[in-house]
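Student: I have a model open and would like to check where some of its labels come from. Could we go through them together?

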Amino acid sequence: MKQVWLALSCAVIVAGSPTSGQNAGPAPAPPADNAARVIADAREAMGGDARLAAVRTLVVTGRTRQVRGDNLVPIEFEIQAELPDKFARRDEFPAQDQGPTVIGFNGDRFVQIPPPQPPPARPGGPPPPTPQQLEAQARAQLGNAKQDFARLMLGLFAASYPSHPLTFAYVGQAEAPQGRADVVDVKGPADFAARLFVDAKTHLPIMLSWHARQPPPRGRGPGGPPPTGAPAPPVENRLYFAEYRSFDGLQLPTRVRRAVAGDTTEETTFDRFRINARVDPRRFEPAG
(Lines give C-alpha, C1' and ligand atoms only; values in the text may rest on other atoms or scores of the structure.)
Protein backbone atom coordinates (compact mmCIF):
# COMPACT_ATOMS: atom_id res chain seq x y z
CA MET A 1 0.00 0.00 0.00
CA LYS A 2 2.92 2.38 0.61
CA GLN A 3 3.86 1.85 -3.04
CA VAL A 4 0.31 2.77 -4.07
CA TRP A 5 0.49 5.93 -1.97
CA LEU A 6 3.75 6.93 -3.63
CA ALA A 7 2.41 6.15 -7.07
CA LEU A 8 -0.74 8.19 -6.50
CA SER A 9 1.40 11.12 -5.43
CA CYS A 10 2.60 11.26 -9.03
CA ALA A 11 -0.73 10.32 -10.60
CA VAL A 12 -1.73 12.00 -13.86
CA ILE A 13 -5.30 12.44 -15.04
CA VAL A 14 -5.39 10.78 -18.43
CA ALA A 15 -9.02 10.22 -19.35
CA GLY A 16 -10.27 12.50 -22.09
CA SER A 17 -6.79 13.64 -23.15
CA PRO A 18 -6.14 13.71 -26.92
CA THR A 19 -3.51 11.37 -28.29
CA SER A 20 -0.06 12.95 -28.46
CA GLY A 21 0.60 14.53 -31.83
CA GLN A 22 -3.04 14.95 -32.77
CA ASN A 23 -4.35 18.39 -33.58
CA ALA A 24 -7.49 17.84 -31.55
CA GLY A 25 -9.81 20.35 -29.99
CA PRO A 26 -10.91 20.29 -26.35
CA ALA A 27 -11.66 16.79 -25.10
CA PRO A 28 -15.36 16.08 -24.57
CA ALA A 29 -16.60 16.06 -21.01
CA PRO A 30 -16.93 12.59 -19.44
CA PRO A 31 -20.49 11.27 -19.27
CA ALA A 32 -22.28 12.53 -16.16
CA ASP A 33 -23.46 9.04 -15.24
CA ASN A 34 -19.85 7.85 -14.87
CA ALA A 35 -19.71 9.42 -11.41
CA ALA A 36 -22.85 7.55 -10.36
CA ARG A 37 -21.34 4.33 -11.71
CA VAL A 38 -18.08 4.80 -9.78
CA ILE A 39 -19.92 5.54 -6.52
CA ALA A 40 -22.33 2.63 -7.06
CA ASP A 41 -19.44 0.24 -7.77
CA ALA A 42 -17.63 1.46 -4.66
CA ARG A 43 -20.68 0.89 -2.47
CA GLU A 44 -21.16 -2.57 -3.97
CA ALA A 45 -17.52 -3.44 -3.19
CA MET A 46 -17.98 -2.18 0.37
CA GLY A 47 -20.91 -4.49 1.00
CA GLY A 48 -23.79 -3.35 -1.17
CA ASP A 49 -26.45 -0.65 -0.93
CA ALA A 50 -28.77 -2.75 1.25
CA ARG A 51 -26.17 -3.31 3.97
CA LEU A 52 -24.89 0.26 3.82
CA ALA A 53 -28.39 1.76 3.93
CA ALA A 54 -29.11 -0.37 7.02
CA VAL A 55 -26.33 1.36 9.00
CA ARG A 56 -28.05 3.58 11.54
CA THR A 57 -25.33 3.96 14.16
CA LEU A 58 -21.59 3.52 14.12
CA VAL A 59 -19.04 3.18 16.94
CA VAL A 60 -15.37 3.14 15.97
CA THR A 61 -12.38 2.81 18.30
CA GLY A 62 -8.75 3.17 17.39
CA ARG A 63 -5.45 4.99 17.73
CA THR A 64 -3.88 7.99 16.01
CA ARG A 65 -0.24 9.01 15.99
CA GLN A 66 0.02 12.71 15.27
CA VAL A 67 3.14 14.62 14.31
CA ARG A 68 3.61 17.81 16.36
CA GLY A 69 6.95 19.39 15.59
CA ASP A 70 9.60 16.82 16.46
CA ASN A 71 7.19 14.80 18.62
CA LEU A 72 4.88 11.91 17.77
CA VAL A 73 1.80 12.25 19.98
CA PRO A 74 -0.34 9.15 20.62
CA ILE A 75 -4.11 9.64 20.69
CA GLU A 76 -6.74 7.06 21.60
CA PHE A 77 -10.16 7.83 20.14
CA GLU A 78 -13.75 6.72 19.92
CA ILE A 79 -16.11 7.89 17.19
CA GLN A 80 -19.85 7.67 17.71
CA ALA A 81 -22.31 8.51 14.95
CA GLU A 82 -26.07 8.36 14.71
CA LEU A 83 -26.75 8.80 11.03
CA PRO A 84 -27.48 11.08 9.34
CA ASP A 85 -26.95 14.10 11.60
CA LYS A 86 -25.16 13.22 14.86
CA PHE A 87 -21.41 12.73 15.04
CA ALA A 88 -18.77 13.01 17.78
CA ARG A 89 -15.12 12.07 18.12
CA ARG A 90 -13.66 11.70 21.63
CA ASP A 91 -9.86 11.92 21.90
CA GLU A 92 -7.71 10.94 24.87
CA PHE A 93 -4.03 11.88 25.20
CA PRO A 94 -2.28 9.27 27.39
CA ALA A 95 1.13 10.96 27.12
CA GLN A 96 -0.11 14.45 28.04
CA ASP A 97 -1.50 16.06 31.14
CA GLN A 98 -4.85 16.99 29.65
CA GLY A 99 -8.31 15.53 29.77
CA PRO A 100 -10.27 14.05 26.88
CA THR A 101 -11.85 16.27 24.25
CA VAL A 102 -14.98 15.79 22.16
CA ILE A 103 -15.65 17.47 18.81
CA GLY A 104 -18.74 16.91 16.67
CA PHE A 105 -22.23 18.11 15.84
CA ASN A 106 -25.86 17.39 16.56
CA GLY A 107 -27.96 18.63 13.67
CA ASP A 108 -27.00 22.29 13.37
CA ARG A 109 -25.41 22.51 16.82
CA PHE A 110 -21.65 22.33 17.26
CA VAL A 111 -20.44 20.00 20.02
CA GLN A 112 -17.19 20.75 21.84
CA ILE A 113 -16.31 19.33 25.25
CA PRO A 114 -14.85 20.99 27.21
CA PRO A 115 -16.25 24.24 25.79
CA PRO A 116 -13.69 26.77 24.53
CA GLN A 117 -12.64 29.43 26.99
CA PRO A 118 -11.73 32.95 25.85
CA PRO A 119 -8.26 34.09 26.84
CA PRO A 120 -8.15 36.03 30.12
CA ALA A 121 -8.36 39.78 29.79
CA ARG A 122 -5.14 41.64 30.55
CA PRO A 123 -4.25 45.33 30.55
CA GLY A 124 -3.35 46.48 27.07
CA GLY A 125 -4.48 43.19 25.59
CA PRO A 126 -7.15 42.61 22.96
CA PRO A 127 -10.77 43.14 23.99
CA PRO A 128 -12.92 40.08 24.67
CA PRO A 129 -14.68 38.61 21.64
CA THR A 130 -17.99 40.14 20.75
CA PRO A 131 -21.17 38.04 20.52
CA GLN A 132 -20.98 38.39 16.74
CA GLN A 133 -17.41 37.05 16.72
CA LEU A 134 -18.40 34.12 18.93
CA GLU A 135 -21.37 33.34 16.67
CA ALA A 136 -19.17 33.46 13.56
CA GLN A 137 -16.63 31.18 15.22
CA ALA A 138 -19.34 28.68 16.19
CA ARG A 139 -20.63 28.60 12.59
CA ALA A 140 -17.11 28.00 11.29
CA GLN A 141 -16.49 25.21 13.81
CA LEU A 142 -19.80 23.55 12.94
CA GLY A 143 -18.88 23.70 9.25
CA ASN A 144 -15.46 22.18 9.93
CA ALA A 145 -16.97 19.34 11.98
CA LYS A 146 -19.47 18.54 9.21
CA GLN A 147 -16.72 18.57 6.59
CA ASP A 148 -14.60 16.16 8.66
CA PHE A 149 -17.67 13.92 8.91
CA ALA A 150 -18.26 14.09 5.15
CA ARG A 151 -14.64 13.14 4.38
CA LEU A 152 -14.74 10.19 6.75
CA MET A 153 -18.04 8.93 5.34
CA LEU A 154 -16.64 9.09 1.80
CA GLY A 155 -13.81 6.78 2.85
CA LEU A 156 -15.96 4.43 4.92
CA PHE A 157 -19.19 4.21 2.90
CA ALA A 158 -18.73 6.27 -0.31
CA ALA A 159 -21.84 8.04 0.92
CA SER A 160 -23.51 11.45 1.12
CA TYR A 161 -25.85 12.36 4.00
CA PRO A 162 -28.47 15.12 4.38
CA SER A 163 -26.44 16.68 7.20
CA HIS A 164 -23.80 17.57 4.58
CA PRO A 165 -25.14 16.67 1.10
CA LEU A 166 -22.62 16.05 -1.66
CA THR A 167 -22.68 16.02 -5.45
CA PHE A 168 -20.36 13.96 -7.66
CA ALA A 169 -18.83 14.57 -11.09
CA TYR A 170 -16.57 12.19 -12.98
CA VAL A 171 -13.10 13.50 -13.87
CA GLY A 172 -11.26 10.59 -15.45
CA GLN A 173 -8.64 8.09 -14.39
CA ALA A 174 -5.35 8.49 -12.57
CA GLU A 175 -2.66 6.23 -13.97
CA ALA A 176 -0.04 4.66 -11.70
CA PRO A 177 2.42 1.74 -12.09
CA GLN A 178 0.12 -0.49 -10.00
CA GLY A 179 -3.00 0.25 -12.05
CA ARG A 180 -5.61 2.95 -12.38
CA ALA A 181 -7.98 4.84 -10.14
CA ASP A 182 -11.27 6.44 -11.14
CA VAL A 183 -11.37 10.07 -10.03
CA VAL A 184 -14.54 11.83 -8.90
CA ASP A 185 -14.94 15.50 -7.99
CA VAL A 186 -16.99 15.97 -4.84
CA LYS A 187 -18.72 19.24 -3.90
CA GLY A 188 -20.88 20.27 -0.97
CA PRO A 189 -22.05 23.18 1.20
CA ALA A 190 -19.77 26.06 2.24
CA ASP A 191 -17.45 25.61 -0.76
CA PHE A 192 -16.65 22.02 0.20
CA ALA A 193 -14.58 20.51 -2.61
CA ALA A 194 -12.56 17.30 -2.76
CA ARG A 195 -11.39 14.69 -5.20
CA LEU A 196 -12.07 11.01 -4.49
CA PHE A 197 -9.81 8.31 -5.95
CA VAL A 198 -11.39 4.84 -6.29
CA ASP A 199 -9.33 1.80 -7.28
CA ALA A 200 -10.48 0.83 -10.78
CA LYS A 201 -9.94 -2.88 -10.05
CA THR A 202 -11.18 -3.35 -6.46
CA HIS A 203 -13.58 -0.34 -6.61
CA LEU A 204 -12.58 0.62 -3.05
CA PRO A 205 -11.71 4.22 -2.14
CA ILE A 206 -7.97 4.69 -1.78
CA MET A 207 -7.49 8.45 -1.47
CA LEU A 208 -9.30 11.73 -0.89
CA SER A 209 -7.59 15.06 -1.63
CA TRP A 210 -8.62 18.66 -0.95
CA HIS A 211 -7.12 22.08 -0.27
CA ALA A 212 -7.47 23.77 3.11
CA ARG A 213 -5.60 25.81 5.67
CA GLN A 214 -3.72 23.65 8.14
CA PRO A 215 -5.95 22.92 11.16
CA PRO A 216 -4.81 23.14 14.81
CA PRO A 217 -3.72 19.84 16.42
CA ARG A 218 -6.48 17.69 17.91
CA GLY A 219 -7.33 18.76 21.43
CA ARG A 220 -5.78 22.20 20.95
CA GLY A 221 -8.74 24.11 19.55
CA PRO A 222 -8.76 27.90 19.75
CA GLY A 223 -10.19 29.40 22.91
CA GLY A 224 -11.20 32.77 21.51
CA PRO A 225 -11.93 34.42 18.19
CA PRO A 226 -9.84 33.53 15.14
CA PRO A 227 -6.46 35.30 15.11
CA THR A 228 -6.17 38.44 13.06
CA GLY A 229 -3.68 39.00 10.27
CA ALA A 230 -3.17 37.41 6.88
CA PRO A 231 -4.23 33.72 6.95
CA ALA A 232 -1.90 31.06 5.67
CA PRO A 233 -2.62 29.99 2.07
CA PRO A 234 -4.49 26.71 1.56
CA VAL A 235 -2.36 23.61 1.07
CA GLU A 236 -3.18 20.17 -0.28
CA ASN A 237 -4.49 17.64 2.23
CA ARG A 238 -4.76 13.94 1.51
CA LEU A 239 -6.37 10.99 3.27
CA TYR A 240 -5.14 7.55 2.18
CA PHE A 241 -7.43 4.59 2.95
CA ALA A 242 -5.83 1.14 3.21
CA GLU A 243 -5.95 -2.37 4.69
CA TYR A 244 -9.64 -3.11 4.21
CA ARG A 245 -11.19 -5.77 6.45
CA SER A 246 -14.65 -7.24 6.87
CA PHE A 247 -16.88 -5.97 9.70
CA ASP A 248 -20.48 -7.21 9.82
CA GLY A 249 -20.38 -7.90 6.08
CA LEU A 250 -18.89 -4.49 5.21
CA GLN A 251 -15.42 -3.90 3.77
CA LEU A 252 -13.96 -1.02 5.77
CA PRO A 253 -10.47 0.54 5.84
CA THR A 254 -8.49 -0.04 9.02
CA ARG A 255 -5.58 2.31 8.28
CA VAL A 256 -5.81 5.96 7.27
CA ARG A 257 -2.86 8.25 6.68
CA ARG A 258 -3.18 12.03 6.45
CA ALA A 259 -0.66 14.15 4.60
CA VAL A 260 -0.53 17.95 4.48
CA ALA A 261 1.55 19.61 1.75
CA GLY A 262 3.19 16.24 1.09
CA ASP A 263 4.21 15.56 4.71
CA THR A 264 2.54 12.90 6.83
CA THR A 265 0.83 14.50 9.84
CA GLU A 266 -1.31 11.63 11.18
CA GLU A 267 -1.49 7.85 10.96
CA THR A 268 -4.71 6.29 12.23
CA THR A 269 -5.55 2.66 12.96
CA PHE A 270 -9.21 1.67 13.28
CA ASP A 271 -9.22 -1.28 15.70
CA ARG A 272 -12.92 -2.02 15.80
CA PHE A 273 -16.12 -1.04 14.00
CA ARG A 274 -19.46 -1.73 15.69
CA ILE A 275 -22.38 -1.37 13.32
CA ASN A 276 -25.80 -0.43 14.74
CA ALA A 277 -24.42 -0.54 18.28
CA ARG A 278 -25.91 1.51 21.08
CA VAL A 279 -24.58 5.06 21.22
CA ASP A 280 -24.51 7.43 24.19
CA PRO A 281 -26.93 10.33 23.52
CA ARG A 282 -24.95 12.51 25.96
CA ARG A 283 -22.01 12.38 23.56
CA PHE A 284 -23.91 14.60 21.12
CA GLU A 285 -24.92 17.26 23.64
CA PRO A 286 -22.87 20.46 23.81
CA ALA A 287 -21.36 21.24 27.20
CA GLY A 288 -23.51 23.51 29.30
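Tutor: Happy to; we will take a few labels and set each against its definition. This is a predicted model, where local features need pLDDT of at least 70, side-chain atom pairs count only at pLDDT 80 or more, and totals for chains, interfaces and linings use all residues. Residues are numbered from 1 along each chain as its sequence is written, and side-chain values use heavy atoms, with hydrogens and water left out.

Student: Why is S209 called buried?

Tutor: Its relative accessibility is 9%, and buried means under 20% relative accessible area, exposed over 50%, partly exposed in between (1.4 Å probe, protein chains only). So S209 counts as buried. S209 lies in strand 10, residues 205–212; strands are DSSP runs of E with at least two residues, helices runs of H or I with at least four, numbered from the N terminus.

Student: What makes strand 5 and strand 6 a pair?

Tutor: Two strands pair if DSSP finds at least two bridges between them. Strand 5 (residues 101–106) and strand 6 (residues 109–113) have 5 bridges, in the antiparallel sense. F105 stands opposite F110 in strand 6.

Student: Why is A158 called buried, and why is D248 called exposed?

Tutor: A158 has a relative accessible area of 2%, so it is buried. For D248 the value is 57%, so D248 is exposed. A158 is not a glycine, yet has a positive phi of about 50°; phi of D248, also a residue other than glycine, is positive and near 50°.
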